[in-house]
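Please view the sequence and structure below before reading on.

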Amino acid sequence: MAKFKKGKKNAQQKLNTSSLPDIVFMLLFFFMVATSMKEVTMMVKIKSPEATEVTKLEQKSLVSYIYVGKPLNARKFGSEPRIQLNDSYATVDDIESYILTERENMKEADRPKMTVSIKADYDVQMGTITDIKQALRKAQALKISYSARRANK
């Protein structure tokens, strides 16, 4: 009988991985550019009022937001305007502890520069805004801005 040589039938071809780091970094840069960071899940409807004298806030990291408007889920939460702090509904009494917590999370040097921005719906009663301002006064948060969109001229 003839003797047959066993060839390298099961040998696998080597995969060229020299371009793999380039592909990985290209995907990394794509996702870094294309991804936006979501800060807060909106639970209230806000149609900002219009204003003629609008300025942008300089350092957004020093701004704490208070959202006021009608709940998106009106069946569950009703149709009266609600206050939203971060990702949950709150009352006027919760604002003082919210401001103290936000202030504690800031650097010591940035605490005096802290600004509270009230993003309120166009139809919110001024009494609600006044109650929020009184709670901010108790918390010693005296720098307040009101969010608005630029009016068309």
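This is a predicted model: local features need pLDDT of at least 70, side-chain atom pairs count only at pLDDT 80 or more; totals for chains, interfaces and linings use all residues.

Salt bridges with shared partners link Glu-104, Glu-108 and Arg-111 into one network.

Arg-111 takes part in both contacts described here: with Glu-104 the closest N and O atoms are 3.9 Å apart, and with Glu-108 they are 3.7 Å apart. Glu-108 is exposed, at 62% relative accessibility. Arg-111, at 23%, counts as partly exposed; the cut-off for buried is under 20%.

By the rule used, the model has three salt bridges. One of them joins the side chains of Glu-50 and Arg-149, with an N to O distance of 3.2 Å. Glu-50 belongs to strand β2 (residues 50-51) and Arg-149 to strand β8 (residues 149-150), so this pair ties together parts that lie 99 residues apart in sequence.

Both ends are partly exposed: Glu-50 has a relative accessibility of 47%, and Arg-149 has 36%. In general, side chains of opposite charge can pair when their charged atoms come close.

## The largest pocket

The volume of the largest pocket is about 370 Å³. It is lined by 14 residues, of which Thr-55, Lys-56, Leu-57, Tyr-146 and Ser-147 are the closest to its centre. Strands β6 (115-120) and β7 (144-146) are the elements that each give two or more residues to this lining.

Sorted by class, the lining consists of six nonpolar, four polar and four charged residues.

Note on methods: Residues are numbered from 1 along each chain as its sequence is written. Side-chain values use heavy atoms; hydrogens and water are left out. On a 1 Å grid over the protein atoms alone, a cavity is a set of points where a 1.4 Å probe fits but cannot get out, and a pocket is an open set with protein on both sides within 12 Å along at least five of seven lines; lining residues have an atom within 4 Å of a point. Grid points are joined across faces, edges and corners, and a volume is the space filled by probe spheres set on the points. Helices (H or I, at least four residues) and strands (E, at least two) are DSSP runs, numbered from the N terminus. Ala, Val, Leu, Ile, Met, Phe, Trp, Tyr, Cys and Pro count as nonpolar, Asp, Glu, Lys and Arg as charged, and the others, Gly among them, as polar. A salt bridge is a side-chain nitrogen of Lys or Arg within 4 Å of a carboxyl oxygen of Asp or Glu. Buried means under 20% relative accessible area, exposed over 50%, partly exposed in between (1.4 Å probe, protein chains only).
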